[in-house]
Number of protein chains: 2
Amino acid sequence: MSGALKDAIRVERPAKTLRELALDKVREAIVNGYFRPGDRLVERDLCAQLGVSRTVVREVLRHLESEGLVANLPNKGPIVAQLDIDEAKQIYEIRGALEGMAARLCAERRSPEIVAALEESLAGIRNSYRDNDMAAVLTNTSSFYQTLFTMVDRNVAWGVVNLLTVRINHLRSMTIKTERRGIEGPLQMSKIVDAIRRGDGEGAYQAAMDHVAAASAIAEAVLSAKKPAD
Amino acid sequence: MSGALKDAIRVERPAKTLRELALDKVREAIVNGYFRPGDRLVERDLCAQLGVSRTVVREVLRHLESEGLVANLPNKGPIVAQLDIDEAKQIYEIRGALEGMAARLCAERRSPEIVAALEESLAGIRNSYRDNDMAAVLTNTSSFYQTLFTMVDRNVAWGVVNLLTVRINHLRSMTIKTERRGIEGPLQMSKIVDAIRRGDGEGAYQAAMDHVAAASAIAEAVLSAKKPAD
DNA sequence: CTACAGTATCTGGTACGCCATAATACGATT
DNA sequence: AATCGTATTATGGCGTACCAGATACTGTAG
């Protein structure tokens, strides 16, 4: 549309400030495990690694702190937040409640476009599983839920889910690698889509709850199994 | 026990860093309307008003930005976030889902301590309404929900609710002042407590949903009525 | 070998300066 | 006089240097 045209015309300015770039870098580094939980995040070291000043690093650390990815020990400084099993379960529970809510709303709307969009995301997930591309599985799963929320204009809830999800990201990357998850995961999600197609709000709610409940159970098993080795 | 003893012994250091103090100040200033939505938050002005350096101010602004209280216009700088009616409704909806969940869990636990704690908060709310102390109504209402969440160890969900609540705080302060809200509000909340006492999970869930739904409806009326005058 | 002092490290916090950008005011040219 | 270009101002983005206080480490003296 006119937006796309304008974008084509527009002189490509980075638009992103240095701080935002650094924020993304550090968050990514935490999320995919370059920084491990409990690692200290020494400001001046980060300055060197990122090539930015302390001002920027401090603002980034503050931001990540309010996202729950970084914890601040008094007089000790910031560390990568530890994720205990109880907190992870709580996060899954909240996701269940919100994703269930969104699924119900989708079902009640009975719109073919919603179903089509969800099917498309789901196909993407199946393909990624087939190609054994786990990173793609994660992003496609995110986009599945994103459509679930945005199709019924629930961007705030999506923001909350997104915020919580980064905190359990390394759990997610472990759960999807679990045995048979490549079959069961998409199966559970297709149940959500089916219920939405039927306009079955309660069914969609339950199916969404079941999906995260399964993920939560796997995460719990993974986390309690990993604890002794830590 | 030993924790309390240690706390009693401890030399009372502020423990709070300057940044946290400034953060609370600015958040409070936004929440109770000293800074109005849309107001620009000029860094150097805030430095002067708070008596702290720009570094601290910037970190505070970043933090509030990630809380959703402050928005950052590119090349313009931070302003107090505007709250549109749709976003407010979404926030109420999320609160409904999470508070309903917590209420259900409380009911399923069937613990007399929970009921007692909730009754106490509720009594506080009634007293505050009687004394016409609206600030106390707000804090007591918060503490009611806080017990709802913390009694079943749902501190993450409580954090989410709290985070969202500050964004609609000025709406809350208007809804509680509404005609008859001093009777109906506590009535609805006592229904939640009743259901919990009965161990009626579904009833508690519904009662909690009803309560926020009522608040949401009032907020919508207030907000749409205020819009033209803006 | 222990105790104590000194030192290095690190965060919290401050001050100051530079640059880029946006808006506005002002002045010059046509 | 209208318009265009330029200077100024306001402000955010970013960097650097510095100091204070807490902590951890280390080496030396008794």
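Near DNA strand D, the protein surface is made up of 4 nonpolar, 5 polar and 4 charged residues. Here nonpolar means Ala, Val, Leu, Ile, Met, Phe, Trp, Tyr, Cys and Pro, charged means Asp, Glu, Lys and Arg, and the others, Gly among them, count as polar.

Welcome to a predicted model, in which local features need pLDDT of at least 70 and side-chain atom pairs count only at pLDDT 80 or more, while totals for chains, interfaces and linings use all residues. Residues are numbered from 1 along each chain as its sequence is written, and chains are lettered from A and ligands numbered from 1 in the order in which they are written.

**View 1. Chain A as a whole has 11 helices and 2 strands.** Helices (DSSP runs of H or I, at least four residues) and strands (runs of E, at least two) are numbered from the N terminus. The C-alpha trace of chain A spans about 55 × 55 × 30 Å along its principal axes. Of the 230 residues in chain A, 35% are buried; a buried residue has 20 or more other C-beta atoms within 10 Å of its own, an exposed one has 12 or fewer, a partly exposed one lies in between, and the C-beta atoms are placed from the backbone. Among the contacts in chain A with a separation of 6 or more, 72% join residues 24 or more positions apart. Two residues are in contact if their C-beta atoms, placed from the backbone, lie within 7 Å.

**View 2. DNA strand D is surrounded by 13 residues.** The closest are L18(A), R19(A), S53(A), E43(B) and G77(B). A residue counts as near a strand if its C-beta atom, placed from the backbone, lies within 6 Å of it. Helices α2 and α4 of chain A, together with α3 (43-50) of chain B, each give two or more residues to this surface. The largest share, 3 residues, comes from α4(A).

**View 3. DNA strand C has 14 residues around it.** V42(A), G77(A), T17(B), L18(B) and T55(B) are the closest. Two or more residues each come from α3 of chain A and from α2 (18-31) and α4 (54-67) of chain B. Here α4(B) gives the most, with 3 residues. Sorted by class, the surface near DNA strand C has 4 nonpolar, 6 polar and 4 charged residues.

**View 4. Helix α2 of chain A covers residues 18-31.** Its 14 residues reach 20 Å from the first C-alpha to the last, close to the 20 Å expected at 1.5 Å a residue; the expected span is 1.5 Å times one less than the number of residues. Buried in α2(A) are A22(A), L23(A), V26(A) and I30(A). Seen down the axis of α2(A), the buried residues fall within an arc of 105°, so they line one face of the helix. That arc is taken from the directions from the helix axis to the C-beta atoms. An α-helix has 3.6 residues a turn, so residues three or four places apart point the same way. Covering the buried residues of α2(A) are elements including α3 (43-50), α4 (54-67) and β2 (77-80) of chain A. Just after α2(A), look for G33(A), which takes a positive phi of about 85°.

**View 5. Chains A and B meet through 19 residues from each chain.** In chain A, α4, α5 (85-109) and α8 (155-167) each supply at least two residues of the side that touches chain B. That side of chain A divides into 9 nonpolar, 4 polar and 6 charged residues. A rotation of 180° with 0.0 Å of shift along its axis superposes chain A on chain B, with an RMSD of 0.1 Å. That is the relation of a two-fold axis. The same surface serves both copies, as 95% of the contact residues of chain A recur in chain B. Copies are superposed by least squares on the C-alpha atoms of residues with pLDDT of at least 70 in both.

**View 6. I85(A) sits in helix α5 of chain A.** This residue is partly exposed, with 15 other C-beta atoms within 10 Å. Leaving aside neighbours within four places in sequence, I85(A) is in contact with E220(A), L223(A) and S224(A). I85(A) and S224(A) are 139 residues apart in sequence, and their C-alpha atoms are 7.5 Å apart in space.

**View 7. Helix α7 of chain A runs over residues 134-150.** Its 17 residues reach 24 Å from the first C-alpha to the last, close to the 24 Å expected. The buried residues of α7(A) include V137(A), N140(A), F144(A) and L148(A). Among the elements covering the buried residues of α7(A) are α5, α6 (112-130), α8 and α10 (181-198) of chain A.
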